[in-house]
Each structure stands twice: as structure tokens, then as C-alpha cells.
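Please read this briefing alongside the sequence and the 3D structure.

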Amino acid sequence: MSDKYNILLNIKKSLGKFILDVDCELHQKVTAFLGASGSGKTTLLNCISGTLSPDKGQILFGNNKLFDTDLKISVPPDKRRIGYIFQEGHLFPHLTVEKNIRYGQSKTKRKNRYSLSQVLDTLEIADLLQRYPNQLSGGQRQRVAIARALAMEPRLLLMDEPLASLDGGLKSRIIPYLHHIKNEFEIPIIYVTHAISEAMALADEAFLLSEGKIIANGEPHQLLTAPSALPIANMIGVENIFSLPVANSDEQRGVTELEIGNQLLVIPFIDTEIGNLVPIAIRAEDIIISLEPNLPISARNILRGTIDGVDDQIIVSILVEGYRLSVKITHEARDQLQLSNGKDVYCVIKANAINVLWNAS
Amino acid sequence: MRITPAEVSALVLSIKVALLSLVVMFPPGMFVGWLLAKREFPGKTFLNTLVMLPLVLPPVVSGYLLLILLGKNGPVGSILSNFFNIEIVFTQFAVVIAVSVISFPLLVRGIMTGMVSVPSELENAARTLGASPIKVFWTITVPMAYRGIISGGILGFSKSLGEFGATMMVVGNIPGKTQTIALAIFQSVQLGDDITAYRLVLISTILAFVAIWMTERINLR
């Protein structure tokens with residue numbers, strides 16, 4: 001990996017009872033920090049951006065020392081050129097979209113690796129320039145916030161749960177924009193979230209943060225699907241994430257069908273081609289376990305599978321055509337249905353409970 | 001029922017003094033308001049109390065303290081009179097000082113309230129976008145706090161316009177020289193000249209009414 005993605009974080013910061021104690025090196029283009037709320041994600045980003053000073057440690061970006069307590073270096077936030085995209089956008093309410101975006105634009109022309117119009121095109125906000133932030137929808141506001149951070153031509157982008165304030169449908173519409181940014185702009189990104197699906201959708205490496213400490217790291221898919229991640233998954237919410245090929249897509253019926261082995265998974269219609277891989281996420285709470293396949297219910301999906309793990313927690317692991325589904329149930333349900341290893345069961349899933357992470361076409 | 005030259009000069013002096021006080025006190029008012037709204041430092045509560053003190057002290061007390069301070073034998077007055085041969089008390093300049101001390105808390109209050117309402121997250125966001133603290137102040141804090149700043153200015157100005165107690169203590173009541181509207185009202189009542197008193201009362205009531213009405217309009221928008 002080239003040097004420009006090299007970031008060294010060695011940060012100690014106590015805020016009241018909470019202590020953030022992080023020591024890690026980042027090498028990838030997109031790094032995700034995953035953790036429940038209160039795990040120190042935002043504190044970490046604030047330290048990197050310079051709006052908060054660590055008590056001790058150093059922050060290195062490439063060969064550039066941004067912070068070092070031993071050398072008494074602390075580059076002020078306005079000199080760091082680190083773009084920061086906040087959960088609530090934090091657009092300036094008294095300025096138009098255009099003035100918001102131009103706020104951080106440097107007057108001295110840099111090499112100009114990309115133009116402002118490229119940013120506006122990528123995010124599809126060129127029509128909104130004369131509006132004020134209170135005239136924008138949630139999704140538009142967040143795209144403007146992203147444009148504002150990009151327009152300053154940052155060396156590094158920090159994203160603090162940029163999708164958290166958006167509802168499910170909007171989320172899957174913004175993720176493609178983030179993908180564009182990842183692919184079109186040569187800027188490393190540190191992405192902070194509590195949603196496993198977002199980390200998987202974007203990150204090349206993920207760090208798990210719990211009570212201010214890093215407890216695991218690795219390639220996101222491996223890290224988050226490994227059994228060792230179960231306790232963490234319990235904490236931040238389990239999501240089942242697969243990429244499945246399209247079997248059939250019917251706009252008139254309003255559904256798209258994906259192949260999961262020899263069975264079909266019905267999701268709300270997306271514009272795609274047969275054979276394309278579609279990444280989806282299903283929350284463990286959104287799956288119902290049934291012992292019967294023929295149920296008079298509205299849910300579109302009843303998948304046959306075999307239990308291959310019941311843990312002391314309330315997560316049941318079910319193998320469906322080689323895909324492992326984690327399902328969250330109560331102790332009572334587990335005992336009443338006598339769920340145990342090897343038992344054949346049916347997973348009931350509403351089409352609308354299946355979130356498409358991004359649609360490549 | 002015509003307004004006499006003495007009344008006109010009282011009115012003009014009041015407005016002149018209030019305007020001058022506003023212009024002179026505005027920069028320090030902005031600075032102190034910003035300090036109290038946005039900074040943490042030791043002695044902050046003390047500074048806040050000191051600034052707000054004239055708001056609750058009887059104006060006569062503030063005026064008397066000023067008189068001691070600025071008088072020929074006072075710590076400030078003696079320096080001015082010994083080294084520069086300047087005497088402040090009983091001059092229009094002293095009216096400005098007296099009026100400024102009394103109206104300063106209102107000015108600062110308004111500015112402070114306006115600035116407190118500007119989320120520090122937005123100011124931090126501006127910093128990450130490359131803005132220096134001074135640029136953040138002028139492009140984020142001030143424009144977003146403008147309602148509080150303007151209403152602080154108007155309230156302070158109106159307070160100066162009608163100030164009585166402190167002015168009376170520091171400058172006395174010299175018609176045509178240091179006599180403001182409030183002092184003129186006091187004098188005409190003392191002399192039993194009710195007609196003049198009514199006229200001046202009407203004028204000052206209208207001025208006060210317009211000022212408060214304007215701040216309310218700004219706050220509503």
C-alpha cells in the first residue's frame with residue numbers, strides 16, 4: 001500500500017469516567033470503526049480532526065505529524081485539511097447550499113485533482129445550489145454535507161455515522177454515492193458506524209471499538225461473520241449480510257427474486273439484471289422461526305434450513321443452502337419450539353425487512 | 001404648546017450620548033459577550049457577575065462609585081487632572097461614561113444570549129473546513145447570533161437614553177450642558193411644570209416603546 005494511506009493513531013483521552021485508549025495503524029483506503037454508541041467513535045474522530053485534544057499520544061498522517069504530546073505538536077483543525085462529515089450534517093443554516101459548499105474551498109488553486117463540478121455531479125446536487133439547508137430533505141442535506149467536505153480538497157475524510165439520521169430507504173440510496181467517492185477520489189476515509197452493513201458495504205478494514213478500546217480488527221467480512229464476533233454483534237445488533245445473484249426481476253409485480261441456493265428470496269423490486277450480485281442485509285430480529293412451512297401469512301419468504309448452533313445467548317444459527325443466518329429469539333421461544341442442533345426449521349422473512357445495501361447497476 | 005430650546009437640547013443630548021455610548025461600548029461588548037458565551041476560563045463567573053452588577057445595583061450607587069473613581073481626588077480622576085489637566089465630572093463625556101456603565105450589562109446580555117445559541121458543533125465544523133478562529137467568529141458566530149446582537153444593542157441604547165440615577169450623581173443637572181431627557185423631567189416635576197413633564201414623558205415613552213417593539217420584531221423573524 002502506498003504511503004499516503006498510512007495513518008498512525010495513538011490516542012489517550014479521558015472524558016469524565018470514559019477513557020479512550022486507541023493505538024493502531026491504518027493502511028487501507030476505507031477504514032471502519034464499529035462500535036455501539038458510547039464506545040468512543042466520535043471522540044476518536046474529534047481527536048483526529050483536531051477539534052478535541054488527546055491527553056497523550058500522537059497522530060501521524062503519512063509523514064505528517066498532526067499531534068504529538070512529547071514534541072508538543074498540535075496542528076489546529078483549520079490547518080489539518082481533514083474533511084469531516086457529521087451525523088447531523090451540520091450545514092450552516094444562514095448560508096445557501098452553494099455558499100456552504102464553497103465555505104472550505106481554498107482560494108489558492110491546488111493541483112486540482114478534481115473539480116467542484118465533478119463533486120456536484122457525483123452527488124447529484126447541482127440543482128440545489130440556491131436553496132437554504134432548511135429547504136432540503138434529509139438525504140439532500142447529507143449529500144451537501146459530503147460535497148462541502150470534498151470541496152475543501154481534504155487529504156483525509158472522516159465520516160461520523162453519515163447515514164444514521166436517514167431512514168432505511170434513503171440509506172441504500174446514499175451508499176452508492178459513498179461508493180463513488182471511494183472510487184473516484186484518491187482520499188483515504190475513516191468511517192465510523194454502529195451498523196455492520198455499512199462497514200461491510202464500504203470498508204477495506206474494520207476495527208471493533210468497545211468502551212474506548214479496540215477489541216478486534218481485520219477484513220470486515222471475515223471479522224464480522226466469524227463466530228468470535230458474536231458477542232460484539234450482540235452488542236451492536238446482528239445483521240445477516242449476503243451477496244446473492246438475481247434470478248428474476250419483475251417491475252409489474254414489484255418484486256425481485258434472488259437465488260439463495262435452490263430456494264428463492266423475494267425482495268422489493270430493484271432495477272437490475274439477471275445474474276447480478278445484490279448485497280443484502282437482514283437484521284437478526286426481523287427473522288421468525290417456524291416449524292411449519294405452510295403458513296397463512298403475508299411474509300413473502302419461508303426458507304427451509306437446519307439449525308447448526310444454539311448458544312446461551314438468544315441467537316440461533318441456521319444453515320440455509322450453505323448460507324448461515326443468525327436469528328434472534330427469546331429464551332421462551334427457544335424452549336417452547338425445542339430448538340436444538342440438527343432440527344429442520346423454516347425462516348420467515350418479510351420482503352420489506354430485507355435491505356439492499358447498494359445497487360450496482 | 002411648543003417644545004422649548006432647552007427641551008430640544010435635552011433630547012438631542014440624550015440621543016447623542018446614547019449613540020456615542022453604543023458605538024464606544026459595542027466592540028468591548030462583543031468581546032465580553034463572546035468570552036462569556038464561548039470560552040471557559042478561571043474567573044468567568046466573577047467577570048459575569050462584575051458585568052451584570054450595574055443591572056441590579058441602584059443606579060445611584062453605580063453613579064456614586066463612578067464619582068469617587070473619576071472625581072478630582074479619585075484614582076482615575078486624579079491621574080487625569082494631574083497629568084493631562086482634564087476634569088471629567090460634570091462634563092458630557094462623563095454622561096457617556098455613566099450611561100455606558102449602566103447600559104453595558106443589557107448590551108452584553110443580548111450579545112451573549114445570541115452567541116450561546118450558536119451551536120459549537122457548527123463552529124467546529126467551520127474549523128475543520130479550514131477557517132481560522134477569527135473567520136469562524138465573523139462568518140458563523142456573528143451572522144447566526146445577529147438577532148441577539150441587535151436586540152442587545154437596541155436595549156442598551158434605550159437604557160442609555162433614559163438613564164437617570166448614575167447620570168445625576170456624576171454630572172449633576174446643568175440645563176443645556178449635561179441635562180438629558182430624564183434629568184429634564186425630574187427638574188420640571190420639581191418645579192411644578194407639569195405640562196413640560198408630560199411632554200417629555202410622552203417622548204421618552206414613545207422612544208422606549210419603539211425600541212422594545214423593534215427588538216421583538218427582530219426576535220420574531
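Two strands are said to pair if DSSP finds at least two bridges between them, and the elements themselves are DSSP runs numbered from the N terminus, with helices being H or I runs of at least four residues and strands being E runs of at least two. The model is predicted, so local features need pLDDT of at least 70 and side-chain atom pairs count only at pLDDT 80 or more, whereas totals for chains, interfaces and linings use all residues. Residues are numbered from 1 along each chain as its sequence is written, chains are lettered from A and ligands numbered from 1 in the order in which they are written, and side-chain values use heavy atoms, with hydrogens and water left out.

**Chain B as a whole**

- Chain B contains eleven helices and zero strands, and reading along its sequence gives the pattern α-α-α-α-α-α-α-α-α-α-α.
- Taken along the principal axes, the box filled by the C-alpha atoms of chain B is roughly 65 × 45 × 25 Å.
- Of the 221 residues in chain B, 44% are buried, where buried means under 20% relative accessible area, exposed means over 50%, and partly exposed lies in between, with a 1.4 Å probe and protein chains only.
- Among the contacts in chain B with a separation of 6 or more, 71% come from residues 24 or more positions apart, a contact being heavy atoms within 4.5 Å.
- In chain B, the mean position of the 15 positive charges and that of the 9 negative charges are 8 Å apart. Lys and Arg count as positive and Asp and Glu as negative, while His and the chain ends are not counted, and each charge is placed at NZ of Lys, CZ of Arg, CG of Asp or CD of Glu.

**S21(B) in its helix**

- S21(B) belongs to helix α1 of chain B, which spans residues 5-38, and with a relative accessible area of 1% S21(B) is buried.
- Leaving aside neighbours within four places in sequence, S21(B) is in contact with V96(B), V99(B), S100(B), S103(B) and S160(B).
- From C-alpha to C-alpha, S21(B) and F93(B) are 9.8 Å apart in space, although 72 residues separate them in sequence.

**The chain A sheet that includes β18**

- Five strands of chain A form an open sheet with antiparallel pairing, in the order β16-β20-β17-β18-β19. Its edge strands are β16 (287-290) and β19 (323-328) of chain A, each of which pairs on one side only.
- From one strand to the next the twist averages 45 degrees, with axes being lines fitted to C-alpha atoms, for helices over the stretch in contact, and angles running from 0 to 180 degrees between N-to-C directions.
- Strands β17 (residues 301-310) and β18 (residues 315-320) of chain A pair in the antiparallel sense over four bridges; in β18(A), T306(A) has L319(A) as its bridge partner, and G309(A) has S317(A).
- On its other pairing, β18(A) is joined to β19(A) by six bridges, and the two run antiparallel; the bridge partner of I318(A) in β19(A) is L325(A).
- β18(A) is mostly covered, with five of its six residues buried.

**Positive phi angles in chain A**

- The hairpin formed by β18(A) and β19(A) has two residues between the strands, and E321(A) in this turn has a positive phi of about 50 degrees. E321(A) is not a glycine, and because its relative accessibility is 32%, E321(A) counts as partly exposed.
- K72(A), which is also not a glycine, has a positive phi of about 55 degrees. K72(A) lies in the loop between β5 (64-68) and β6 (73-74) of chain A, and at 76% relative accessibility K72(A) counts as exposed.

**A further sheet in chain A**

- Another open sheet of five strands in chain A has the order β14-β13-β12-β15-β21, with antiparallel pairing. At its edges stand β14 (263-268) and β21 (354-356) of chain A, each with a single partner strand, so one side of each is left without a neighbour in the sheet.
- Direction ignored, neighbouring strands of this sheet are turned by 45 degrees against each other on average.
- In chain A, β12 (residues 239-250) and β13 (residues 255-260) pair in the antiparallel sense over four bridges, and the bridge partner of N248(A) in β13(A) is E257(A).
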